[in-house]
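Grab a pencil and have a look at the model below. Then try the exercises before you peek at the solutions.

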Amino acid sequence: MREFAYEALPGRVVFGVGSLDQLADEVARLGIAKALVLSTPHQRAQAEDISARLGDRSAGVYDKAEMHVPIAVAKAAREEAQRLGADACVAVGGGSTIGLGKAIALEFGLPIIAVPTTYAGSEMTPIWGLTEDGVKKTGRDPKVLPTTVIYDPNLTLTLPAFIAGPSGMNAIAHCVEAMYSETANPIISMMAEEGVCSLARALPIIIQQPDNMEARSEAVYGAYLSGASLGAVGMALHHKLCHALGGSFNLPHAETHTAVIPHATAYNIDASPDTKERLSRALRTDDPAGALFDLAVSLGAKMALSDVGMKEEDLDRAADIATQNPYFNPRPVTRDGIRALLDDAFHGRRPTKA
Ligand code: NAD
């Protein structure tokens with residue numbers, strides 16, 4: 001077996017249908033006096049419900065979370081947290097809302113209690129992101145890792161298929177990339193494999209039977225494993241590409257991950273035999289890249305970057321940006337290789353088996 005280093009991240013996870021009922025006890029357990037409840041405008045009602053559950057321990061609701069955490073939104077939220085004397089944040093929502101909690105924690109070191117409602121996985125990572133003048137900066141800081149995460153699958157029942165499918169594929173992408181990361185290790189790879197297995201099993205059922213609680217729970221479990229995987233190891237080609245596409249061309253986050261992951265997998269799979277073995281097992285296939293494409297199609301996802309806002313004339317610039325700074329990838333990153341990958345993703349072609 002190859003040598004490895006693995007640093008486990010701290011954090012408490014409370015998982016289960018109805019676990020939101022434990023929120024008030026979890027907040028009290030941390031000795032929090034006034035928690036600011038964060039959400040998007042769309043999830044305001046859920047945030048109000050959580051605020052009511054906290055009673056005197058709620059500092060109020062701030063519902064201005066936005067995708068990619070624009071710096072102006074982060075500043076306004078920090079001011080609101082200060083004005084209300086908040087000593088913690090409760091973030092209820094997807095990666096955008098949890099990202100806003102992280103922006104506050106980055107400045108003031110306040111603990112975050114995360115109540116995730118998508119499969120993005122941000123709640124398990126010490127990774128923050130802030131967008132200024134159209135450029136998204138990211139970094140790692142242990143301060144922004146949520147102290148407690150409450151996973152209540154009930155909260156995902158309202159996730160419509162068009163969000164659930166890409167969000168689940170985004171989680172699968174975290175798992176895939178964790179397996180061939182420069183800092184991959186057998187503990188995280190085991191979790192990532194289990195994550196792919198759970199998500200691939202649960203997501204098609206959710207699309208067919210949105211009220212299937214067992215499938216909803218299994219998908220949330222997979223998302224937890226995917227976030228823990230992403231948080232513990234470094235990223236490679238897939239996340240770099242999606243970061244470039246999202247940041248420079250303003251493409252939607254989960255949809256971009258969905259269209260790119262089959263192609264990033266095809267590009268790397270033969271350079272990482274361990275990834276090939278694990279994905280083949282998890283997806284019950286001898287063609288993991290093709291199977292990921294088929295899975296996403298079965299979820300009704302858009303597979304062509306052209307359908308999520310990418311313009312053909314920007315593909316060359318995207319390839320330039322994605323290959324500008326050398327970074328780890330199991331297969332060497334070449335300009336021609338990435339341009340061809342982007343062309344396949346742009347047109348939504350099914351990857352061909354090598
Ligand atoms: P999101 O948080 O933007 O949510 C998408 C939309 O779905 C929002 O309008 C939201 O209110 C709504 N929504 C969320 N849960 C719902 C539910 N259960 N029912 C109905 N509607 C619901 O999307 P996301 O994909 O979760 O997060 C994307 C953001 O997270 C991006 O900015 C991305 O960069 C970031 N992210 C960060 C990390 C990290 O580790 N830092 C990891 C993954 C994603």
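Predicted model: local features only at pLDDT ≥ 70, side-chain atom pairs only at ≥ 80, totals over all residues.

Residues are numbered from 1 along each chain as its sequence is written, and side-chain values use heavy atoms, with hydrogens and water left out.

**Exercise 1.** Work out how helix α8 and helix α12 cross, and which residues make the contact.

*Solution.* Start by finding α8 at residues 237-249 and α12 at residues 315-324. (Helices are DSSP runs of H or I, at least four residues, numbered from the N terminus.) Their axes come within 9 Å and cross at roughly 125°. That angle makes α8 oblique to α12, since under 35 degrees counts as roughly parallel, over 145 as roughly antiparallel, 65 to 115 as roughly perpendicular and the rest as oblique. Next, the handedness: this crossing of α8 and α12 is right-handed. Now the contact (heavy atoms within 4.5 Å): α8 brings Leu241, Ala244, Leu245, Ser248 and Phe249, while α12 brings Arg317, Ala318, Ile321 and Ala322. Sorted by type, the residues of this α8 and α12 contact come to 7 nonpolar, 1 polar and 1 charged.

**Exercise 2.** Describe the packing of α8 with helix α13.

*Solution.* First, find α13 at residues 335-347. Its axis and that of α8 are 13 Å apart, at an angle of about 65°. So α8 is roughly perpendicular to α13. The crossing of α8 and α13 is right-handed. Finally, Leu237, Leu241 and Leu245 of α8 meet Ile338, Leu341 and Leu342 of α13, a set with 6 nonpolar, no polar and no charged residues.

**Exercise 3.** Are helix α5 and helix α11 roughly parallel or antiparallel, and which residues touch?

*Solution.* Look at α5 (residues 161-179) and α11 (residues 288-298), which pack at about 165° with axes 11 Å apart. That makes α5 roughly antiparallel to α11. On the α5 side you'll find Met169, Ile172 and Val176, and on the α11 side Leu292, Leu295 and Ala296.

Notes: Axes fitted to C-alpha atoms, helices over the stretch in contact; angles between N-to-C directions. Helix = DSSP H or I, 4+ residues; strand = E, 2+ residues; numbered from the N terminus. Left-handed = near helix turned anticlockwise from the far one by under 90°. Nonpolar A, V, L, I, M, F, W, Y, C, P; charged D, E, K, R; others polar.
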